[in-house]
Amino acid sequence: MSIASNVILENTRLGTTRTKIRNKLTEYNIWWDNSLTIFELAERLVMMFGVTISSIVKSTIITPGGFEYSVTLPDSGVPVDWWIDGAHSVVRTDSNGKSAVTVQYVQDATGTVVCKVGKKEAINVNYTCVPFASFSDYAWDYNTDSYDIVKYPTSISHTFNIGEVNYSEVYDLAKDVGSSSVVMAIPKVYSGGIGGTNGIHMEVAIYQKKDSNQGWGDAISLVNSKSLSHYRDTKILELGAYPSKKGLKYSTSDHVVWELNVSLGQLTLDSQLYYFDLYYDNGYVKATIRAGSSSIYSYEADISDKITFDTFYPAVMIYDAGGHIQFESIEVEPWTHEEE
């Protein structure tokens, strides 16, 4: 048999083998296309028997920094198939056995991410691009290191630890009793701030405290900056409790505390758990204080003529001669006024 005949025969055999492998991959729902060599097809054929996956990282939300989806396998160099919004790519595992793709943030975008390791589907999620990540925390998880403590003046002493009220753990935030001072606890997840045109809902379960008969304030708030040049910052919107009062206050570049809407009536101190809810969306505010299902305070209005933000940070704060606040839990999430 001539060399040419041998080549033709060998090519025919390779073609037949390639077709059989393709059919088998199709049968096991393993991705392939015509660009793959016979060796790459054979490599995928091995994966019909299943591949061990050590770990999977996935999310249904994409924040402004984007999100990295990944799978980790015991071996390097293994082809892993990814589909982002239907577009396919192959990312082989690196020297650590990791295959990863990043979904970039596009405002208000939605989409899908699918990952298959051979015939095994590792990830199949619908994602949504949100303006910022939600945050939920409870004092009984002892996450004091999840907060940045911001204060003015920086020399004022403070403590932030776990206490107990009514047999339940609480975050116990305290500072020296002194005028023109403030201490804030800001979740570290928002260390870069939140864009001021985004809507936000903040709920904190608070036990009201008072360490002084002087002017004092305990509040949940949106603050313009973590670099304080004054205890009133340049912009603050707060829902708080004060001597014989409760409600919404704000300040701007004049550093004056203005009453946006405040009603009379002292909240019960030390033992009553209150739920403070502050909603804000680009100048629109809604606020409530509840004791269980009972409404203690409520207000809703467009206040864009009084305050707007370029950036804000959600904070639990005590200021002026206030020296103490205790909170059991905190939740922060995106919110849009138009959806209400």
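Biologist: Which residue in β3 is the bridge partner of Ser 55?
Modeller: In this predicted model, where local features need pLDDT of at least 70, side-chain atom pairs count only at pLDDT 80 or more, and totals for chains, interfaces and linings use all residues, the bridge partner of Ser 55 in β3 is Thr 72. Residues are numbered from 1 along each chain as its sequence is written, and side-chain values use heavy atoms, with hydrogens and water left out.

Biologist: How many bridges join β1 to β3?
Modeller: Three bridges join β1 to strand β3 (residues 67-72), and the two run antiparallel; strands here are DSSP runs of E with at least two residues, numbered from the N terminus, and two strands pair if DSSP finds at least two bridges between them.

Biologist: What is the strand order in that open sheet, and which are the edge strands?
Modeller: The order is β1-β3-β6, three strands with antiparallel pairing, and the edge strands are β1 (55-57) and β6 (98-103), each of which pairs on one side only. The twist averages 15 degrees from one strand to the next, with axes taken as lines fitted to C-alpha atoms and angles running from 0 to 180 degrees between N-to-C directions.

Biologist: Switching to β15, is that strand buried or exposed?
Modeller: Nine of the nine residues of β15 (residues 199-207) are buried, so the strand is largely enclosed by the rest of the structure; buried means under 20% relative accessible area, exposed over 50%, and partly exposed in between, with a 1.4 Å probe and protein chains only.

Biologist: Which residues sit on each side of it?
Modeller: In a regular strand the side chains alternate between the two faces of the sheet. For β15, one side has Gly 199, His 201, Glu 203, Ala 205 and Tyr 207, and the other has Ile 200, Met 202, Val 204 and Ile 206, all of them buried.

Biologist: And which strands are joined to β15 by bridges?
Modeller: Nine bridges join β15 to β20 (residues 273-281), antiparallel, with Gly 199 standing opposite Asp 281. Eight bridges join β15 to β24 (residues 324-334), also antiparallel, and there Tyr 207 has Gln 326 as its bridge partner.

Notes
Helices (H or I, at least four residues) and strands (E, at least two) are DSSP runs, numbered from the N terminus.
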